[in-house]
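Please keep the viewer open as you read.

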Amino acid sequence: MSHAQLIEMARNNLKWAKTGTIEQADAIFKVPAEHYYDEGRWRREMDLVFKRLPLMLATSAEIPNPGDYKAMQAVDTPVLISRGEDSQIRAFINMCRHRGSQIMAAGTGNTKRFTCPYHAWSYDQKGALTGVYSERDFGAVDRSCNSLVELPAAERAGLIWVQINPNASLGIDAFLSGYDAMLDNFGFANWHFFESRTLKGPNWKVAYDGYLDLYHLPILHKDTFGADYPNQALYYAWGPHQRVSSPDPSFAKYDDVSEAGNAHLMTGVWTIFPHVSIASFDGGGRGVMISQLFPGETPLESYTVQNYLMEKPPPDEETAQNAHEQFKFLEYVVKEEDYATGLRQQKALLTGHMPYVQFGRNEGGGQCFHRWVDRLLETDDQALPALFQNGAPSGAAANGAKA
Ligand code: FES
Ligand SMILES: [Fe+2]
């Protein structure tokens with residue numbers, strides 16, 4: 001089914017390439033400029049978007065083996081993701097039940113036990129308290145009510161989603177809206193985790209807008225991607241998640257589009273709402289950069305974890321070096337072009353002398369993204385599952401054919 005959808009999108013991309021035009025959004029869309037910097041608005045986004053929705057926090061390739069774990073900060077919550085001996089993924093708040101110390105330092109590793117560095121209480125891979133240091137002196141501790149606080153987690157398409165609210169009302173599959181079946185066409189479960197790094201950036205939406213926008217490519221990135229890069233985008237939506245791809249004349253080389261290979265069918269940017277983008281590259285062999293964008297401590301800060309995954313581990317030093325060069329190039333593009341521009345844009349917006357920014361009829365993806373954020377801020381916990389059942393908020397149609 002999902003493969004058939006890929007073919008359908010490829011046919012659509014070829015169709016629009018032949019016309020030289022794109023399907024446009026209904027109208028130019030205005031977003032109040034203060035949505036990018038107002039403190040109260042930003043806090044509501046943290047509470048009602050980031051702390052309610054599943055967040056794609058890890059790739060399976062980072063922690064492929066039983067006993068592997070990843071500890072990290074997600075928005076305001078220290079998270080510990082663990083792959084048990086049963087290969088199942090579980091997630092916890094990285095917080096000891098004794099006095100709340102963070103148990104594992106940020107990073108990945110492999111262990112049978114999570115031992116707290118403060119007084120050595122220990123937990124197994126399922127989060128159960130297994131050891132209390134000097135319990136005879138401390139007093140008896142009821143194991144049954146001192147497990148780590150578990151968070152909803154799911155592994156789909158070689159990616160791991162976690163909700164940083166243990167009482168979340170929205171299920172992860174409802175949130176994914178079938179998009180995981182599309183992402184599964186990459187086959188990330190069997191890919192190789194190559195490298196990662198972290199970059200600082202502007203307000204999370206200033207930064208994220210750029211991932212949904214091909215309009216800027218031949219302009220802002222003229223010296224890197226080149227001035228001939230296509231600036232037109234077709235958008236496909238599954239719930240709030242969107243694929244951004246260009247009209248593509250190169251599908252015309254096949255007698256039938258269904259003959260196209262997987263890498264060709266998966267081109268473009270696959271975004272995962274509200275903060276992830278997946279883009280394909282081929283330096284050193286087929287690879288993707290998976291960017292996870294996190295809000296920082298204030299509305300004016302964000303940081304992005306750029307992860308580079310490769311379909312196959314580089315077979316030799318030269319190929320690894322090529323992949324490394326490709327990834328370094330992407331760091332330059334994002335840091336020196338996208339985020340440097342975003343930081344200057346945010347400074348200008350902060351003057352307060354412009355009431356709104358605009359998303360054109362060719363920027364339907366950005367329109368759809370901002371409408372989803374708005375709608376989430378208006379939706380209470382009880383109504384959240386229905387919002388995802390109903391697909392895109394009304395009027396939020398992206399400008400491409402719907403998948
Ligand atoms: S806080 Fe973890 S053992 Fe004391
Ligand atoms: Fe860009």
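Cys-96 is buried, its relative accessible area being 5%; here buried means under 20% relative accessible area, exposed over 50%, and partly exposed in between (1.4 Å probe, protein chains only). Cys-145 is in no disulfide, and the nearest cysteine sulfur, that of Cys-96, is 14 Å away. A disulfide is a pair of cysteine sulfur atoms within 2.5 Å, and a search of the whole structure finds 0 of them. Cys-145 is partly exposed, with a relative accessible area of 44%.

A word on conventions: this is a predicted model, in which local features need pLDDT of at least 70 and side-chain atom pairs count only at pLDDT 80 or more, while totals for chains, interfaces and linings use all residues. Residues are numbered from 1 along each chain as its sequence is written, chains are lettered from A and ligands numbered from 1 in the order in which they are written, and side-chain values use heavy atoms, leaving out hydrogens and water.

## The iron site

Which residues hold the iron ion (ligand 2)? His-216 (NE2), His-221 (NE2), Asp-338 (OD) and Asp-338 (OD) coordinate the ion at 2.0 to 2.7 Å. Donors are N, O and S atoms within 2.8 Å of the metal (3.2 Å for Na, K and Ca), and sites may look incomplete, as water is not among the atoms. The angles among the 4 donor atoms run from 52 to 155 degrees, and the site is irregular. For that label, four donors count as tetrahedral if all angles lie between 85 and 135 degrees; four count as square planar and six as octahedral if opposite donors are over 155 degrees apart and all others between 65 and 115; anything else is irregular.

Along the sequence, the donor residues are spaced H-x4-H-x116-D. His-216, in the loop between α6 (204-209) and α7 (217-220), and Asp-338, in helix α10 (residues 317-349), are 122 residues apart, so this pair links distant parts of the chain. Helices (H or I, at least four residues) and strands (E, at least two) are DSSP runs, numbered from the N terminus. His-216 is buried, at 15% relative accessible area.

## Helix α10

The 33 residues of α10 should span 48 Å at 1.5 Å a residue, and its end C-alpha atoms are 46 Å apart, which agrees. The expected span is 1.5 Å times one less than the number of residues. A kink of about 30 degrees in α10 is centred on Tyr-339, the bend at a residue being the angle between axes fitted to the seven residues ending there and the seven starting there.

How many aromatic pairs are found in the whole structure? The search gives 23. Rings of Phe, Tyr and Trp (its six-membered ring) pair if their centres lie within 6.5 Å; planes under 30 degrees apart count as stacked, over 60 as edge-to-face and the rest as tilted. Tyr-208 and Phe-369 make a tilted pair, 5.1 Å centre to centre with 55 degrees between the planes. Tyr-208 lies in helix α6 and Phe-369 in helix α11 (residues 364-378), so the pair ties together parts that are 161 residues apart in sequence. Both are buried, Tyr-208 at 1% and Phe-369 at 2%.

Helix α11 is mostly covered, with 11 of its 15 residues buried, including Phe-369 and Trp-372. Both of these residues also belong to one aromatic cluster, among whose members are Phe-50, Trp-204 and Tyr-208.
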